[in-house]
Each structure stands twice: as C-alpha cells, then as structure tokens.
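Hi,

Here is the structure I promised to pass on. Have a look at it first, and my notes follow below.

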Amino acid sequence: MKKLNNILYPGHCSSCNDDIPAGVSAWWDPTTKALVCFRCRPNALTRQQNQSGQRLNDGNSRASSTYTEDKQEGNKNRITGKQHQDDSLQKKWVHLINYLRRCVEREATGELTSEKDNQRWLLTPYKTEELICGTADQANMFTEAGDLGRCLQQGEVLVYGWPTLLLTDKQGVKRIGPLFVTELENPKQHLEAIIPAEDEPYLNPALLSEDYFDADAISAAVSLANDGLPFGEPTAMASTASKILAELGFAEAGLEPETLQPHRNLVDGVNNAAVIVIGESSLMTKALVTELHHLEHRTDWRNTPAAWILGLARPAPREVKSPVAAPLQLNDTQEQAVEQIRREYLTVVTGPPGTGKSQLVAAAISNAWIDKDTVLLSSTNNSAVNVAVERCAKIHPGLVIRTGNRKHRDELIEKVNHVLSTVKNINPNEAEARRQFVSAVSERTRVQESIERMGFLRAELADSHLKSESAAKRVWGTETAPQLNKTLRTILRKAKRLKSAWFFGNIRRRRFLRQIKALPTSTVGDVYEWAIVIDFFENGRRELEQLESVFVDEAASLFKADEAWQAASTNVVKATTISRISKFGNSLAAIGTARRSGPGFIRALETALKGGCGWACTALSVQPNFPLRTGLFDLVIIDEASQCTVAAVLPLAYRARRLVIIGDPNQLTPVVRLDQRQLRRLATAAGLESEELDSKGLNYGTGSAYLAFEHLVGQDNVVLLEDHYRCHPLIARWFNSCFYGGRLKVLTDVSTMMTGKRGLVWVDVFGKTERGPAGGARNAVEAAMVLDILKDYIGSGSSVGVITPFAAQAALIRKSAFKQFQGEHLDDVDFTSGTAHRFQGDERDVILFSTVIAPNTPPKTARWIENQRNLLNVAVSRARKALIIFGHPEAATVLNVPTLVSLRQAAIEGLPEIEVTTWLVHSESEKRLKDALCEVGLNPLLKPVEEGYELDFALLVEPGFKLNIEVDGGHHLDFSRGKQRRRDIVRDRILSALGWKIIRVPAWRCLKDPGGVAAEISSYIDRGGDNNGQ
C-alpha cells in the first residue's frame, strides 16, 4: 500500500467508509484501487476484507434484519432506510467530534522550547527515571529546578518529561521537548520535592505538529498512546516509548529508564535523559481530548442534548407541578427563566452584565433539589463557577459541592465533612415546609394577579375615555355628552335594537337621535359605540375601585407577598437539602475512603450523587471527577457559555438529560489560538464545510457553546435577563444602546454614589502610541495621567481598577503604580491593572479605562479594537459608579473606531442638567396634566433626568422638597405578574433615597379630570407632602 501525501480527488475510506476530501493525506492500494484514511491503519483494509469474507461465508440468516432480498435483481443486498439514516447521523457525529478533537489537539500544540533559550529548560541530574514510569510519587528537589520555578509567569507551569527529544523545525530552529510529560506542582509550594500535579503521564501534545512529523506518523503515534500507557511498569513504558518513537521515524532509541544519561550535550533525536521545561498547563486539554476521543466512538449519544447539535428533535417539555422557589430574591425575568429551566430540555439564557446570572443559577439549583434532580454547574471560567457556588452557600453549604482539579479534589473530603456536620441532629419537617411554601405561593399569586388586573384596568380606562371622547364628538360635536333625560342603560338598549330595525326603521332612528339631541350627521351606530365605551368605562372603574380598596398600598402588598414567598422558599429548600443529605449521608461519606484520582474516585463520586444533588466543577476538569455516561445528571448548567468552545461543552451535554446555556455573545468569546487557515484545513480534513460550521455556531474559532445552542432554539426563544442593577444609569445607558438595543431596564441604586465623579467621564490625553519592550502597544503619557487620577482615589474608600485593551499598557501601569504607591495603599482600593479578560466577572466602584490609541497608532491596531468591540462592553460594564476614559480627542474618529467614538460622545454629554422644556410630553394624558398644573400656578419641569433616571414631571417647591409626578398610562403595557409595577416600586425607592417625593397618577384620571388631579397635587404641596403619595 502506498502513502499519498495529498489525494487529488475526493473519495471514501474502504475501512471505515468515512469521506476523504481532496487535498488530505491517505493510503492508496494500486492493485485493489482501495483508499484508506490515516485514522485506519493500512492493515485495517485487509482486516476488513477478511471479516467481510467471513460474514459472507456465514450466510445471510444473521443479516436478515438489515438487508432485504430483491427478487427482481437477484440476491443483491441493500441497506434499509432507517439504518441508512442512522449511519448518516453517526457519520455526522464522528466528523464533528473528530473536527473538534483535532482543533483542541492543534491548539494545545504550542511551540517546543528553543534549545538556545536555556532559561526555560534544564536537564535533570536524575540517574533513574521514576516519575514518568510510575515507580515513585516524587523526586528530590534540586537548586536549578527551584530557580526555574521562581521564573514562572501567570499561566505557566513546570513540565517534567522523558525521554528528551532534540528536533529541528521547518525554520531550522532546534527545539527541545520530552516525549512523555507530566505537569508539576508549583515548586514555591513544595520546596523539598518535585511532585507531579497528576498521577499519570501523557504523550506531549506539543510534539503532535506537522512542523516535525508527517500526519500519518502523528496519527499512528497517537493511536498507540490512546491504547494507554503502562504506568507503573518501567520496562513496558520504555517499550511503548520505543514503539511510538519508531512510528515517528526514529531508529532504535535504546531507552533505559534505570540508567539515564544526565548530560548537557544533547544529540539530535532521542536522548535517554529527563528534562524540565516551562510551558502552559495542558492537563485539562489532555482530559478533554481523551473524552472527545471516547465520544467519537460512542453510538449512545442520540438521546442526549449533545445530539441536538446535529438537528435531532428535542423532547416535549415536561410537566412540573410544584411552583418556583426563590430562596434568593428574583425579578420577573429571572423567575420566568427558572420556570422554563424546570420545564424545557434546553434553555438558552442571555445574561448581560449586572443582570443577576449567579442569582439565576442559585435559584435553578435550588429548584433542582426540590424536584429531586441531580445538577452539575460548570463553565470554562473558574471565577464564574466560584461565584455561583458562593451564592448557593448562602442558602445552604450542601446545595452545591465544589470539585475539579487536584486541589479541589484534595479539599473535597473536608467540604463533605463540613456539609455532613451541618445536617447532624437536624430533623426538618419537609412536608410541613412544602405546605407552607405552597400557601405562600398561592397568596403571592393572588396579589400578583390583582395588581396585574389593576394595571390592565387603568390602561383600558385611559383607552376607553379617549374612545368615548371621539364617539361623543361624532354624536354631539363635543368631547362630552350633554345632560340626557335617559339613562345610559336605556340608551344602550335602544341603540342596539334600532341599529338593525327594519320596520319604520329610519323614522324610529331619526326620532331617537332627536330625543338625545344628537347632530344630524350622527348615526345610531355612533351612539351605540359611545354607549358601549361608557358602559365599559363605568364597569371597569367600579372594579378598579373595589380592588384599590383591598390593595390600598400596592407596593406594601407586593413586598409582603414576595417576602413571605422568599422565606417559605428558603425553608423548603433547606428542609429538602437537609433531608436528602441526612438520608444518603453514607454515600457522601464514602468519598473519604477513595483516592483523590482514578476509577475508584470517580465511582465514589458517582455514588455520592445520591446524597448530594448539586455539584460544580469547570468544564475542563469534569473528566477526572465524573464518568462519561449518558444522563448522569438530570440537569447541567453551563455558565459563561459564550466563553466556552463547543468542544469543551459537548462532553457535559452528553452527561445531561436537560441542559441550560447561560451566556452573553456581547461579552468575551472563547480565546482560540488557531487562525482561520488552520481551522479551514482541520474542517476539510474532518469532512466538514467551514461555512456550515460558521452558520451553526460550531466553528472552533468563531463559534461558542452559546452560539451553537442559540442557533438551535432561535433568537426569539432565548430568555433575556432584562433588569440591570450594577452600573450607574449613565454608564449603563451607553452599553444598553450599543450592544443590547435598549432592551435592558436599568434599576441601579445610585443613592450610595452621590459623591465625587460618577457616570462617564472623558479625559483628553495628547500622547502617542509606542511599542513596549516585549511587544504590544502602550502610551506612556496616558499611563502617567492614569496614575495622577489613581492618586486621587487612594484612601477614598472606593475600589479602583485599570482596564486597557493592551497587555503592555496594563503592565506599564501596574509596574508604575507599585513603584509610586505603597502596596498596602493599592490593596486598600483593591487595585488591579489588566485587560478586559482579567476583569470578566469582576467589578469596581471606579474603572480607569486607558484606550492607548493616538493619531500615530497603526491602523491595524485600531481595527483590532473595533473588531474586538466586545472588550469595550466588558470594560465599561465593570464600573459601578464611575468610568473615567483616557484617550486622544480625535484619534478614534481619524482611525475609524466607531464604538470608541460613541463612548466618547456619551461621556462628553455627562450628567444632564435639569431644565424646563415645553414640548417633552409622551402622551395626551401628560399634556392635559401639564396644562392643568400650569393653570393652578404650578409650572413643572418636563422630563428632567436625575442621575440617569428620567422623570415625567418635577416640581422643585423649596430646598429639600422635590416632587416627582409620574403618569402611569398606556405605555406601561407589560402588566403580567405585576412586572411593571414591581419595576416602578424599585425605581421609586431609588428616587426616594435621593430625596424625591413621588406621586403616581393613573393616565385615565389625567384624561378625564386633569383639573381635579392638579388640585389634589396643589393641596398635597400645601400640606408639605407626606409619605403616602398616591
């Protein structure tokens, strides 16, 4: 069989039947004309042919379920439609997983260390290899290794390996790297010994590059490694290493782990010596590749959420009888999201900054306990997992148990013991807690439905009054009817009858119109329409008055109902959690008897699912904790899914029955180091089209787990968390407009933000962009200006962070800050200087944003900022009170960075001054009230803005007496569950804390009796105001 580096025409593998696109390497047999892909060894074809012959000799009896005989064409066998469909789906699955695995492997393939860069590698003095072979758990520390460990930067680790290879890449650079590697614990924490971070070594992914070996050699080597390394058997380990090296093209290496050659003069090729190099952590990558490799060969994926990626139908929503529990306060959109999570098999949630994603996660996990569902919380973002776990711990420490890498696994028994201690000798009455919970929910529902009905009635009354005026004008020529000698009921009954009367109909209709003094041009139909509207209005008003007599203080009624619901929710979640942990405590305690890694630990954790419903770990550390089994968890929640690749999430989806995807495509996306050329080649090699992957959010470079699952449900079915609570309204206004189409409702409490700079502030800096010593853009003048402003906040009590798009600028500011200010002073303000990636999930009172760009900035650098505009969204939304932006006044415009231009414009506008206007009225009801207030001598300010909150009317009566008048009318259309009323209540509390008194007037009253409303307001002012404004 002959090797072809690049086939000219597409074909399919004669062994596995996979498509082989043109341009990739394959094996070709000129005699049989058979083509075999590199994943199938050349002898696979022979093996398949032998097996096929044997099957034919066995006869057709065993194949009757798959093949049918076609009598017209003889004994030709053909595959049934169902199996053809199944095979097609399996092929799609294999191709997708193969593509994702190749991408992960390729990305993990960083450059090997240059031989000349001797500050990043060293040969060990060991004469016997024990760590890779598994004959020892640690090795003696030596001085050079400790020194190397002290040189580690963030994200770097020490990697130990054997045997050592000296290779030459395609550029002629000699590079050094071990064949088998294991990551080491940080030597700063272990001064006396070198300790592997994990138990078993693995094939170095940095070697798996076509810079050093042909693709077929790499495939063969990986295949051998996938069979498993004989850890603990030095002779077998040396034999396996020799076989892998032979596949890579090396001659007999003569490896002897018991007699190493610790010399410094390396020879080209294989060296029987152990080496330590500085590299990036790849343990998690190894675990992910292992899981993807297993999934590639699984056939039971069709009944998991992972299958939906390929278009398989999702199950119908399940029925959930118990109501939603909220042990932590939830707004309406969060509550609706939890309801959907409990019902739907796939829920996608968009969580913009400051909208309470962690609150939602905690609520979803709490309800999973009530539903007796097992749940796994995961993300590729460690901080996202930690924040959600901390939020859950406020409810009960056993709600979610954190596991993950070896550090977390080592701490697991302590966590489990703590959880068990919290339930000891506690016997909650779970049935009574559930009864009280249902009762609280019932009362809350009654209050919500009543508030919803009141809102609907007020809007309908306003609409009805306008319709009645229009109808009255057609009948009488005025907006109100004259004094009539007939009752409304009589007029309505007669008009209804006369509309269709035919016996002397015209005569009777004219007589009726004369009796009610109607215009000659009017019709009985006009009269009937007027009467119907007036009748509806009067009935609605009576119903509203009855409800208002019951709910005199709507805010207090809602608050009391929500408070009772939250208290009952907390009790039922705690009771359920304690009862289950107490009942199955032994299954949790069994974790303490298992090693912290290996099959025994995984089995122990699987058993522990009986006692602990809630678990949390990062996506890349799930493999050493939980078995790769379908439906292992009833619910899997992926937080910050916009930062997760599909490759990282599919193994989690495979373990799930139901799946929740929470993310925000307008914030950080996955950090991928592969360029599009490599990605296209990888897609082609896996038999996929890059364009199709792009369209479905599956492209490893441009897609994400969020985009892939958003594509499945459709944007219209994504749940948006609308209410924002973090940033000053003038900060939130910018990113709400630029990134979220104004859909966010900003409800930030600004009462604690009233001193110093707040909102958006732009500082002009006339500096220039320069290149840093280690590369990257920076601006020294701008950095100095940042430090000047930072000085003002030292000792202020406000937390401060510096964000910049460029790591070089962040490093310059960080270094200068620690040089200029004492460390404890920076600690007092929680100072951090970094890029937006450093601040994802974090926040500060004040953010100093250094743009760096100036007129001399290279255009490609400026384009990068615009292409990465999501980073600006992250940077701006980290600021609670103030965002101070440093930049050249013209650079963004000259260099065409429109997102930065809009940010500067928003900052320049600043805090709007309250001013009198005469035209800013949004409705007829507001216009009539304005005119009525002016008639009684009250000249209101129209639409003033107070700390970013727009008011309908404002009256500045005297110092210390500020009155806000709000007209609640038809523009408040979302009355469901009292949603709008609850938002109004939150807003009123914020403005009250700022010293405003608030009066809310229904629009229908402003339309029907604006003079009466104005008189009531005037009387309220004369009384000096009170705390019960209507």
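To start with the surface, the protein chain exposes about 47200 Å², with carbon and sulfur atoms supplying 48% of that; accessible areas are Shrake-Rupley values with a 1.4 Å probe, and for residues only the protein chains shown count as cover.

Some ground rules: this is a predicted model, where local features need pLDDT of at least 70 and side-chain atom pairs count only at pLDDT 80 or more, while totals for chains, interfaces and linings use all residues. Residues are numbered from 1 along each chain as its sequence is written, and side-chain values use heavy atoms, leaving out hydrogens and water.

The protein chain has 35 helices and 38 strands (DSSP runs numbered from the N terminus: H or I of at least four residues for helices, E of at least two for strands). Of its 1030 residues, 53% count as buried (under 20% relative accessible area; exposed is over 50%, partly exposed in between, 1.4 Å probe, protein chains only). Taking contacts (heavy atoms within 4.5 Å) between residues at least 6 apart in sequence, 73% join residues at least 24 apart.

Now the inside. The largest nonpolar core has 119 residues, and Y99, I365, W615, F626, I637 and Y700 touch the most other members. A core here is a set of buried Ala, Val, Leu, Ile, Met, Phe, Trp, Tyr and Cys residues joined through side-chain atoms within 4.5 Å. At least three of its residues come from each of domain 3 (300–310 + 330–428 + 564–669 + 704–720) and domain 4 (436–551); the bounds are from an automatic or database domain assignment. Beyond four places in sequence, I637 has contacts that include V361, I365, L377 and V660. There is also a second, separate core of 45 residues, with L122, L179, A221 and L248 among them.

- R982 sits in helix α33 (residues 979–993) and counts as buried because its relative accessibility is 12%. Setting aside residues up to four places away, its contacts include D332, E335, R444 and D562.
- A777 belongs to strand β28 (residues 777–778) and is buried at 10%. P858 is 81 residues away in sequence, yet the C-alpha to C-alpha distance from A777 is 9.6 Å.

And how many disulfides does a search of the whole structure find? The count is 0, taking a disulfide as a pair of cysteine sulfur atoms within 2.5 Å. As for individual cysteines, C133 is buried at 0%, whereas C738 is partly exposed at 26%.

Cheers
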